[in-house]
Every structure is written in structure tokens, then in C-alpha cells.
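Hi,

Here is the structure I promised to pass on. Have a look at it first, and then read on for what turned up.

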Amino acid sequence: MSDLEPLSDPGLPAHVARRADRDPIAEKRAERQVAILFMLSGLSAVAFIASYVGIKSDQYIFLPLLGTTNAQQLALGISLALTLLTIGFGVVHWAKVLMSDHEITNQRHTMRSSETELAELATTFAAGAASSGLGRRSLIKRTLGGALALVTISPLIILRDLGPLPKKQLEGTNWKRGSRLITDPGGIALKASDLEVGGVAHVLPERPTGQKETLEDLTRDPVLVIRLRPEDLHLNAEQASWTHNGIIAFSKICTHMGCAVGLYEQQTHHLLCPCHQSTFDVTTGASVIFGPAARPLPQLAITVDSEGYLIAQHGFNQPVGPSFWERSS
Amino acid sequence: MKRLSKYRRHPLAAGLVIAMGLLLVGSLYSLASGAGPAQASNARSQAIKEGQQIFLKGCSSCHGLNAEGTQTGPSLIGVGAASVDFQVGTGRMPMADASVQATARAPQFTPEQTMALAEYVASLAPGPAIPSQAALNYERDGNLAQGGELFRTNCAMCHNFAGQGGALTQGKYAASLMGVDPQKIYEAMITGPQSMPVFGDRSMTPAEKLSIIKWLKNVQNEQAQGGIALGKVGPVTEGLLVWTLGLGLLIGAAVWLGAKSK
């Protein structure tokens with residue numbers, strides 16, 4: 001039909017002899033190069049031992065670009081790196097330049113075993129099955145089956161350690177009606193008069209004396225108190241009733257992934273989360289103006305008691321922090 | 001007497017009498033209390049006058065002729081001497097250009113001029129005063145461990161966990177705290193310059209502030225234990241180095257391994 005010929009197999013390219021294969025002087029040179037690399041490796045190993053023994057561990061030196069660094073650590077690192085690198089370079093250089101580089105073609109063979117081998121396997125298997133007597137001894141068969149089943153189930157039981165379910169733990173915090181706001185760290189109970197306009201304080205709920213907050217408490221209790229000019233706040237009536245003279249308090253736990261939202265820009269009144277740049281506008285009740293957070297930061301209702309201390313009106317009206325399956329609101 | 005009594009029910013009469021009384025008492029007091037304070041207050045009012053002159057020339061175009069603030073610059077009434085000493089003493093003010101943030105540079109005024117400006121601004125309304133050197137003995141009064149804890153809660157989110165500074169929104173940034181004069185650090189905490197909030201003395205005690213300064217100075221002089229600190233900014237430089245230099249070396253090695261020898 002056509003006079004087009006299929007492309008002929010070009011075969012392997014002709015073997016090109018390397019310089020070291022053709023020229024005895026080049027071969028000698030390559031041999032020396034490999035030997036020098038191996039010697040460098042040996043010397044570096046000696047330098048490694050010498051710097052461990054010889055340099056004091058508290059000796060510091062100043063190097064341009066690197067700054068003040070520990071001399072021993074630096075020497076150990078450099079000498080070990082040189083030891084390994086030069087031995088590696090030497091081996092590769094040897095293999096590439098001096099070892100035989102003739103390409104050898106290995107023909108593939110069929111994967112399937114021969115008929116005789118297959119038949120032999122079948123006979124051996126049948127003989128083994130017959131001699132084990134699995135078909136006749138039903139007691140052994142059943143107990144073995146039972147044991148295997150239980151072995152499979154036993155790892156499943158340790159999956160229980162994934163639980164127990166958190167139940168209501170994620171919903172609540174230690175803030176409750178009348179909790180005073182104490183600075184963290186420092187432990188000063190804050191009065192409304194203690195905060196200046198433009199001022200912030202990182203606070204925790206006051207605890208009964210002698211009780212220390214646990215790490216778990218620190219994952220949900222932290223609150224940021226900020227004082228603005230009251231006229232800068234644009235809140236609905238309920239949120240406004242949760243502030244006191246321009247003092248407003250928010251949970252510090254980001255509603256996105258639970259990082260501590262602490263970057264407060266005093267002039268723009270923006271609160272920024274350092275992890276994923278979610279930005280909250282404090283003046284509108286920490287509404288999200290940028291970033292991946294889905295909800296505003298929960299606002300803590302605060303007021304002052306008869307002595308002028310800032311206190312919580314009640315706990316948070318919603319769970320703080322990121323979303324979770326069982327979240328009720 | 002008759003002429004006087006005619007005016008005694010005048011609306012201004014009460015004010016005038018009080019003013020005259022105050023003047024009399026004041027003059028008597030200053031006569032009685034001797035020359036010392038009088039000279040001091042004289043020097044102070046001299047500084048205020050001088051400060052006002054500098055202010056009118058160097059600052060009033062943005063902050064207004066009476067420091068009342070304009071479209072381009074905030075009001076300086078009540079910001080206090082500490083704020084002036086921080087902003088002018090670090091060269092942030094007068095601003096180098098109208099960018100989002102004033103950057104620190106060589107001070108544009110001499111220390112004496114800065115003090116005069118501070119006196120003038122402080123005379124407008126009470127505000128945070130410049131902390132005295134005696135009150136800044138952080139080596140004696142600071143607590144290193146407490147300072148670290150305070151720094152991590154209150155400062156680290158903006159200034160980086162080792163005080164190296166960091167980015168804020170829209171091109172603003174928190175400055176590096178390395179090599180900053182303790183007095184300036186203290187002033188920044190009590191005045192809240194630019195984006196920084198105020199950390200007043202009643203929510204963070206002076207002793208706690210000194211602890212933070214002590215911790216910062218300790219970090220600054222800390223030697224890198226594990227070799228190169230890479231600017232102490234954490235995973236960003238470390239990652240950059242590994243992904244460019246480290247990976248580049250590996251690619252180079254792979255190319256070399258695959259190349260045929262001539």
C-alpha cells in the first residue's frame with residue numbers, strides 16, 4: 001500500500017573510548033586524582049578528630065557573614081562534610097573515568113515458570129495439604145480459624161485510645177460571671193482605669209489562690225483586652241453592652257486554626273493572626289476583613305465591679321477557637 | 001471706690017478677681033521660695049520657647065501650628081515628652097517620606113533640640129515623661145526569666161520570638177529590637193508609637209518592663225550555640241537556604257553523576 005518503511009532499529013551508539021582508555025598518561029592522572037580525593041577524605045577525618053579533641057566546646061569565633069559562632073561545632077561540621085564528600089567524589093570519579101564503561105545488553109526472558117515446574121508445585125501443595133490433615137481434623141481447623149479471627153480483632157481494640165469523645169470540653173472556658181481579668185504573665189488584676197486609650201493587655205480569668213493554669217487552660221482562656229476611644233467602636237446594641245468605656249475584650253484563639261491572635265495595630269485597630277494572616281477589625285466586633293478565618297473572634301462580655309476591677313459579665317456565648325464537628329453554634 | 005463698685009457685678013469681675021489673687025499669691029510664693037526653683041522654671045520656660053520655635057519650623061506643617069494635628073499628622077496634645085524623645089531621638093520624626101510607616105534613621109535634631117521639643121510638647125498637656133537613666137537599671141531591677149515570659153506573650157507576635165522584628169499588614173512592620181537603646185525601648189512601651197499599642201505602667205509594671213529589656217539585651221549578646229543563626233528569624237531563612245543552596249547542590253551532583261566521562 002505504501003512504500004514507507006518502518007524505521008529501522010538504530011541499535012546502540014558505537015562505544016567511544018574515554019581519554020583514560022586511550023592515553024596511559026591520562027589514565028595515570030585520573031588514578032592520581034582519585035587517590036588525592038581519598039587522601040583528602042582521610043585528612044578531613046583526622047581534622048574531625050583533632051577539632052573534637054583540640055578545640056574547646058565554649059570557644060566562639062567571629063566570621064564575616066556567619067557572625068559569632070561556636071568554633072568547635074563549625075570545625076566538626078566542615079571536616080565531617082569534607083570527609084564524606086571527598087570519599088563520595090573519589091568513588092564516583094573512579095567509576096566514571098577508570099572502571100570499564102562497555103555497555104552490555106541483557107536479553108529479557110519470559111516470566112512464566114515452565115509447565116513441569118508448575119505441575120511439580122501443584123503436586124507438592126496437594127501432598128502437603130493431605131499430610132497436614134486439615135480436611136479431616138475439624139477441631140484444629142476451627143480453633144485455628146478462631147485464633148486468627150481474634151488476632152485480627154485485637155489491634156482494633158486499641159483504637160479505643162482515639163477516644164473518649166471530648167463531649168462539652170471544647171465548648172466552655174474558665175471564664176464565668178464575675179471572673180476578674182488578670183494579666184498574663186504578671187497576675188495583676190486589671191482595673192478599668194489601668195488601661196489607657198491605645199493600650200492592650202493579655203489576660204486570663206482569675207483563679208482561686210494557689211491554682212495554676214494548665215496548658216489546656218492556656219489553649220482556650222487567653223483574652224486580649226483593648227481600650228479604644230468609645231466613639232471609634234461601631235457595634236450593635238448587644239455587643240456594645242459587652243464593652244466598658246471603650247474597653248473591649250476578645251478571645252485570643254483564632255477561629256481559623258487556633259493560633260494566638262495577638263498582632264494589634266493601634267492606629268488601624270486591626271487584629272492580625274500571625275499564622276495565616278486572618279485580619280479582624282476590632283471596631284466592628286472583630287469581624288473578619290481578610291484571611292481564611294470564617295467567624296469573628298468571640299467577644300467576652302465585660303463590665304466593672306464595685307471596686308472598679310474589670311470582670312466578665314458571663315462566660316463566652318459561643319465556643320472559642322476553630323470549628324469542630326460537634327460545635328453547637 | 002465708687003467707680004470700682006459699679007463694675008462688681010460685671011460678668012468678668014469674678015474671674016478678674018481670682019486671676020489677680022492667683023497672680024499675687026504666685027508672685028509672693030516665688031519671692032518667698034528663693035531663686036533656685038525660679039531659675040529652674042526659668043530654664044524650663046526657656047526650653048519650652050526654644051522647643052516651640054523648633055516645632056514651628058520642623059513639625060507644624062504636619063502636626064499643626066499648635067500641635068493640634070492636621071490631615072497629615074496626628075495631634076500631639078497629651079502624647080508626652082517620652083513620645084517626642086522616642087520619635088525624634090530615633091530619627092523617625094521628622095518623617096523621611098510619606099510612606100505607611102516612619103523609619104528609624106540618624107536623628108535629625110541634636111539631643112538639646114530634642115529635649116526642648118519634648119519640653120514644649122509636654123507643656124501642652126500631661127503625658128508620659130522621659131524615664132530617667134536611674135530608673136532604667138535593668139541589670140539590677142530586671143528578672144531575666146520573667147522578661148522572656150512577658151516578651152513571648154506581649155511582644156513576640158509582632159517583634160519575632162528573638163526580637164528580630166517582623167511584618168505587619170500593608171507594608172507596615174515591627175522594628176527589630178536588636179541594638180536599641182533601653183531608654184527608647186521603655187519609651188516605646190509607655191507611649192505606643194505608630195502601630196504599637198500602649199503598655200501602660202498599671203497593666204505592665206515598670207519592673208516588668210525592665211525585665212523585658214534585660215531579656216532583650218541577653219538575647220542580643222547570646223552566642224549562636226549551634227553554628228549559624230541565620231538571622232534568628234526561624235524557618236523562613238532556614239527553608240530558603242535548604243531549598244536554594246541545598247537543593248541546588250543536589251541537582252548539580254545529580255547532573256554530574258549522570259554525565260558521561262569524556
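To get you oriented, here is something to look for: where is the place of B:Ala67 in chain B? You'll find B:Ala67 in the loop between α4 (60-63) and α5 of chain B. Keep in mind as you browse that this is a predicted model.

B:Ala67 isn't a glycine, yet its phi is positive, at about 60°. Most residues other than glycine have a negative phi. As for its surroundings, B:Ala67 has 21 C-beta neighbours inside 10 Å, so it counts as buried.

A:His269 has a positive phi of about 60° and is not a glycine either. Look for A:His269 in the loop between β7 and β8 of chain A. Is A:His269 buried or partly exposed? It is partly exposed, because 19 other C-beta atoms lie within 10 Å of A:His269, while the cut-off for buried is 20 or more.

While we're on the backbone, there are cis peptide bonds to see as well. Most peptide bonds are trans. In chain A, the bond from A:Asp184 to A:Pro185 is cis, with omega near -10°, and A:Pro185 sits in the loop between β3 and β4 of chain A. In chain B, B:Met93 and B:Pro94 are joined by a cis peptide bond with omega about -5°. B:Pro94 belongs to the loop between α5 (80-89) and α6 of chain B.

Now the sheets of chain A. One of them is an open sheet of 4 strands, ordered β7-β8-β9-β10, with antiparallel pairing. Its edges are β7 (263-265) and β10 (287-290) of chain A, each pairing on one side only. On average, neighbouring strands in this sheet are turned by 30° against each other, direction ignored. Inside it, β8 (residues 270-272) and β9 (residues 279-281) of chain A run antiparallel and are joined by 3 bridges. If you want to see one of the pairs, A:Leu272 has A:Thr279 in β9(A) as its bridge partner.

Another open sheet in chain A has 5 strands in the order β3-β4-β5-β6-β11, and its pairing is antiparallel too. Here β3 (181-183) and β11 (299-300) of chain A each have a single partner strand, so one side of each has no neighbour in the sheet. Between β6 (residues 247-251) of chain A and β11(A), which run antiparallel, there are 2 bridges. A:Phe250 stands opposite A:Gln299 of β11(A).

The antiparallel strands β1 (residues 60-63) and β2 (residues 67-70) of chain A are linked by 4 bridges, and A:Tyr60 stands opposite A:Asn70 in β2(A).

Chain A is divided into domain 1 (19-97) and domain 2 (181-312), with C-alpha centres 57 Å apart. Chain B has domain 1 (39-130) and domain 2 (133-221), and their C-alpha centres are separated by 23 Å. Within chain B, 15 residues of domain 1 are in contact with 12 residues of domain 2. The domain 1 side of that contact holds 8 nonpolar, 6 polar and 1 charged residues.

How do the two chains meet? On the chain A side, 39 residues are in contact with 32 residues of chain B. The elements giving two or more residues to the chain A side are β2, α3 (71-97), β4 (200-205), β7 and β8, and α3(A) gives the most, with 6 residues. By type, the chain A side has 16 nonpolar, 16 polar and 7 charged residues.

The largest nonpolar core has 84 residues, and A:Val225, A:Leu300 and B:Val121 have the most contacts inside it. Helix α6 (residues 111-124) of chain B gives the most to this core, with 7 residues. Around A:Val225, the residues it touches include A:Leu181, A:Leu190, A:Val203 and A:Ile247.

Happy exploring!

Methods. Residues numbered from 1 in each chain as written. Chains lettered and ligands numbered in written order. Predicted model: local features only at pLDDT ≥ 70, side-chain atom pairs only at ≥ 80, totals over all residues. Pairing = 2+ DSSP bridges. Axes fitted to C-alpha atoms, helices over the stretch in contact; angles between N-to-C directions. Domains from an automatic or database assignment. Core = buried A, V, L, I, M, F, W, Y, C linked by C-beta atoms within 7 Å. Buried ≥ 20, exposed ≤ 12 C-beta atoms within 10 Å, placed from the backbone. Contact = placed C-beta atoms within 7 Å. Nonpolar A, V, L, I, M, F, W, Y, C, P; charged D, E, K, R; others polar. Lists of a residue's contacts leave out its neighbours within four places in sequence.
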